[in-house]
Amino acid sequence: LTPMRLSIQHLVRMKSQGVHDWPNKFDALANSLIEQIDILSETAGEFSSYSRFYSEELRPVELNTLIREQILLFNTRDNIQIKFDSDQERAEIIARKTQLTRVLVNLLSNAIQAMTHLESGKICVSLRKENDFYEISVEDSGPGVPDNLTHRLFKPNFTTKSGGTGLGLAICRSIIEQSQGEISYSKSELLGGARFNMKLPISGEGISV
């Protein structure tokens with residue numbers, strides 16, 4: 001809901017300021033909003049059970065496209081800059097698109113929320129090919145996670161926020177592991193804040209069904 005709200009506010013602001021190409025931006029954001037609404041509708045019916053998160057069928061997913069779609073949806077704040085860097089012209093895997101979208105939405109939401117109090121912030125999303133895996137990293141220039149709390153990051157009911165269920169990162173880990181991948185946290189050497197790194201198998205073989 002957070003990126004959807006920000007996107008609508010961004011459109012309203014562009015229209016009120018008379019930005020000349022706001023109708024074109026509206027079309028692109030509207031399509032992303034519709035997809036997010038569909039995801040929320042599915043999530044509402046599945047949230048009570050981890051196992052039901054994996055009823056979605058496997059299909060080809062092009063990671064560059066998936067990442068750019070989510071960045072478009074989130075890149076609506078004047079004080080936060082989001083960049084995407086990929087060393088692959090095309091990076092296709094066999095996966096559950098909706099589940100991977102949930103992971104990206106969660107990580108981008110966390111990064112933005114960590115920098116809401118800053119005058120300016122940066123997020124860098126990168127895609128790299130490493131042997132038989134694609135690696136996706138989401139880094140930010142926020143405060144990061146205290147060293148004494150990093151071991152609890154992916155455990156259910158843990159959160160550093162004043163609100164929320166504390167299930168976001170636990171669900172992210174479950175989704176990535178069901179895809180025979182890995183997700184980890186470290187301090188970002190590039191931006192100084194948090195860095196979440198995901199490894200996903202290129203072939204998609206062995207994914208749990």
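Here is a walk through this protein, from its overall layout to a few spots inside it.

The model you are looking at is predicted. Start with the big picture: the protein has 5 helices and 7 strands. If you trace the chain from the N terminus, those elements come in the order α-α-β-α-β-β-α-β-β-α-β-β. The protein has 209 residues, and 44% of them count as buried.

Now find helix 4, which covers residues 97-114. This helix has 18 residues, and from its first C-alpha to its last it reaches 26 Å.

How do you spot a gap inside a protein? Rolling a probe the size of a water molecule over the atoms shows where empty space is left. Here, the count comes to 1 cavity of 30 Å³ or more, and the largest cavity holds about 40 Å³ of space. Which residues line the largest cavity? They are Leu66, Leu100, Val103, Leu104, Ile136, Ile176, Met198 and Leu200. Two elements, helix 4 and strand 7 (194-201), each give two or more residues to that lining. Helix 4 gives the most, with 3 residues. Sort the lining by class and you get 8 nonpolar residues, no polar ones and no charged ones.

Next up are the aromatic rings. The structure holds 3 aromatic pairs. One of them is formed by Trp22 and Phe26, and this pair is edge-to-face. Their ring centres are 6.3 Å apart, with 80° between the planes. Why are these two residues about one helical turn apart? Because Trp22 and Phe26 are 4 residues apart in helix 2 (residues 22-46), about one helical turn separates them. How covered are the two partners? Buried means under 20% relative accessible area and exposed means over 50%, so Trp22, at 24%, is partly exposed. Phe26 has a relative accessible area of 39%, so this residue is partly exposed too.

Elsewhere, you can pick out an aromatic cluster made of Phe154, Tyr185 and Phe196.

For a last stop, look for Lys199 and Phe133. The charged end of Lys199 sits over the ring of Phe133, 4.8 Å from the centre of that ring.

Conventions
Residues are numbered from 1 along each chain as its sequence is written. This is a predicted model: local features need pLDDT of at least 70, side-chain atom pairs count only at pLDDT 80 or more; totals for chains, interfaces and linings use all residues. Side-chain values use heavy atoms; hydrogens and water are left out. The expected span of a helix is 1.5 Å times one less than its number of residues. Rings of Phe, Tyr and Trp (its six-membered ring) pair if their centres lie within 6.5 Å; planes under 30 degrees apart count as stacked, over 60 as edge-to-face and the rest as tilted. Buried means under 20% relative accessible area, exposed over 50%, partly exposed in between (1.4 Å probe, protein chains only). A charge sits over a ring if NZ of Lys or CZ of Arg is within 6 Å of the ring centre and within 35 degrees of the ring normal. On a 1 Å grid over the protein atoms alone, a cavity is a set of points where a 1.4 Å probe fits but cannot get out, and a pocket is an open set with protein on both sides within 12 Å along at least five of seven lines; lining residues have an atom within 4 Å of a point. Grid points are joined across faces, edges and corners, and a volume is the space filled by probe spheres set on the points. Ala, Val, Leu, Ile, Met, Phe, Trp, Tyr, Cys and Pro count as nonpolar, Asp, Glu, Lys and Arg as charged, and the others, Gly among them, as polar.
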